[in-house]
Amino acid sequence: MSASIPVNNERRQQVAAALRARVPDRCILSDPEDTRPYECDGLAAYRQLPMIVTLPDNEEQVLAILNVCRELNVPIVPRGAGTGLSGGALPMADGVVISTARLNRILRVEPYARLAVVQPGVRNLAISDAAGPYDLYYAPDPSSQIACTIGGNVAENSGGVHCLKYGLTVHNVMRVRVATIDGEIIELGGESLDAPGLDLLAVFIGSEGMLGIVTEVTVKLVPKPATARVIMASFDDVVTGGNAVASVIAAGIIPAGLEMMDRTSSRMVEPFVKAGYDTDAAAILLCEADGTKLEVDEEIARMTAVLEKAGASAIAVSETESERMRFWSGRKNAFPAAGRISPDYYCMDGTIPRKNLAQVLIGIEQMETTFGLRCANVFHAGDGNLHPLILFDANKPGEFERAEAFGAAILALCVEVGGTITGEHGVGMEKINSMCVQFTREELDAFFAVKRAFDPPMLLNPDKAIPTLNRCAEFGKMRVSGGVLPFADLPRF
Ligand SMILES: Cc1cc2nc3c(=O)[nH]c(=O)nc-3n(C[C@H](O)[C@H](O)[C@H](O)COP(=O)(O)OP(=O)(O)OC[C@H]3O[C@@H](n4cnc5c(N)ncnc54)[C@H](O)[C@@H]3O)c2cc1C
């Protein structure tokens, strides 16, 4: 687990004084008592007390903070709600956190243009709440949507249950306003369907706080479907379940959600939410259809036929809205439910081609023996986006290190079958070494060239998401442990 690097007090006072000269005192936290809540994100195994936390009230203050940091050469870590699972918002001992907690206003909802313009600290679910009266909603729905911010979603290119049909954040964001490290504002994208020039919006989405601070986001809104129903299908083994996922898509059906839970997951969640899951099944699939009643009934019938042919041992279909919500409640609460059966868990996030689902699930099962740890699988099966939850006890010597090694082995397997080391949680601090497994030297060079173009002094969320070549050269002999960078004497870039 993490060993926090001590903060240099003299430097803290110097930077705090410079910030206080340009932004109101209430926007700056420098006392460790006040900055402690920011020491980690959702990946709580990695912790670091920040030097200073700033809470700007408006865009001008964001620019002022960036100017001070650039002038004094201070690294900056942007932060939304801190629900990220890869350590992306992990602070730095010599850095300033820019929190968007106070940039939380919905600026406009335009029902005719089907868009909303919001500040970066607005919660994902709050956008749908604001659009609800117009029968519209914002489709990407991370399971953390009650808390996570749209700025964090943009930085991570977040996904969710409904992204199989409606697309990820990148498909649902039209425009972002960005405060650059030079203290200027740029706008990427626009409110029309396409824009001339290079598609820098797509470059920016998923850039994990390394290219600029999002200060405003325009999102697409889509009509709420008239109705929706969900199928819960049971399978006697994970291989049949995995192959059934591929069969649904191969049949030309794009469900509104296609999620899978293995037995460990359904057993951990069922006593908690009483969703009515078949806890004897080796795996269950949740397959949702949405649209008009006619469309939904027709798609449910088609999916039922495909699932039966693929070997489902039991099938239940939601008959009412409350039953549909009950079926989903278990899936949505799976991560918190892990706390019921294990003191700690480590949530991985790899993506694989759907046809390899069964192969990778068997591989993970074998790794449980190799690493001597249990793993629960609950994931966006339709996207091939795995979320293995590795269960461990941090108080038992060596278990966290084994969990990290288990996670790295899963990601290596994902790459081996043609997948990637992240689906939606980002690379952050957690998966930085696995980037060396996935990308060549030339590809990493290209990433750094983009980073340098946006952030020449390399101050925005440094040491995350893109590994240096030195780091990759050392990889194999060392891993990031507890968030502390080994070989800190090597040049950062
Ligand atoms: C229980 C649980 C379930 C989850 N389920 C999902 C899921 O289904 N799908 C999914 O995709 N993720 C999921 N996540 C992960 C997480 O919620 C998402 O990554 C989310 O987008 C993070 O948003 P945040 O506001 O908490 O950002 P933070 O964690 O605060 O930050 C995340 C990254 O964004 C950067 N950032 C934040 N705000 C800005 C900004 N204004 N400008 C520039 N950079 C910024 C940070 O530097 C950091 O790199 C889950 C997390 C939890 C705890």
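Two strands are said to pair if DSSP finds at least two bridges between them. Helices (H or I, at least four residues) and strands (E, at least two) are themselves DSSP runs, numbered from the N terminus. The structure is a predicted model, in which local features need pLDDT of at least 70 and side-chain atom pairs count only at pLDDT 80 or more, while totals for chains, interfaces and linings use all residues. Residues are numbered from 1 along each chain as its sequence is written.

With pairing defined, the sheet may be considered. Seven strands form an open sheet in the order β15-β12-β14-β13-β18-β20-β16, with antiparallel pairing. At its edges stand β15 (314-317) and β16 (344-347); each has a single partner strand, so one side of each is left without a neighbour in the sheet. From one strand to the next, the twist averages 20 degrees. Within β20, phenylalanine 392 stands opposite aspartate 344.

Helix α9 (residues 238-250) packs on it, touching β12 (227-235), β13 (257-262) and β14 (283-291), and its direction makes about 20 degrees with that of β14. Helix α12 (residues 321-332) lies across β12, β13, β14 and β18 (374-379), running at about 55 degrees to β12. For these angles, axes are lines fitted to C-alpha atoms, for helices over the stretch in contact, and angles run from 0 to 180 degrees between N-to-C directions. Two residues are in contact if their C-beta atoms, placed from the backbone, lie within 7 Å.

A residue is buried if 20 or more other C-beta atoms lie within 10 Å of its own, exposed if 12 or fewer, and partly exposed in between, with C-beta atoms placed from the backbone. Arg12, Val15, Ala16 and Leu19 of α1 are buried. Seen down the axis of α1, the buried residues fall within an arc of 100 degrees (taken from the directions from the helix axis to the C-beta atoms), so they line one face of the helix. The face turned away from that buried side carries the exposed residues Glu10, Gln13 and Ala17.

Finally, the chain is divided into domain 1 (1-224), domain 2 (227-334) and domain 3 (342-416), with bounds that come from an automatic or database domain assignment. The C-alpha centres of domain 1 and domain 2 lie 34 Å apart, and 5 residues of domain 1 are in contact with 7 residues of domain 2.
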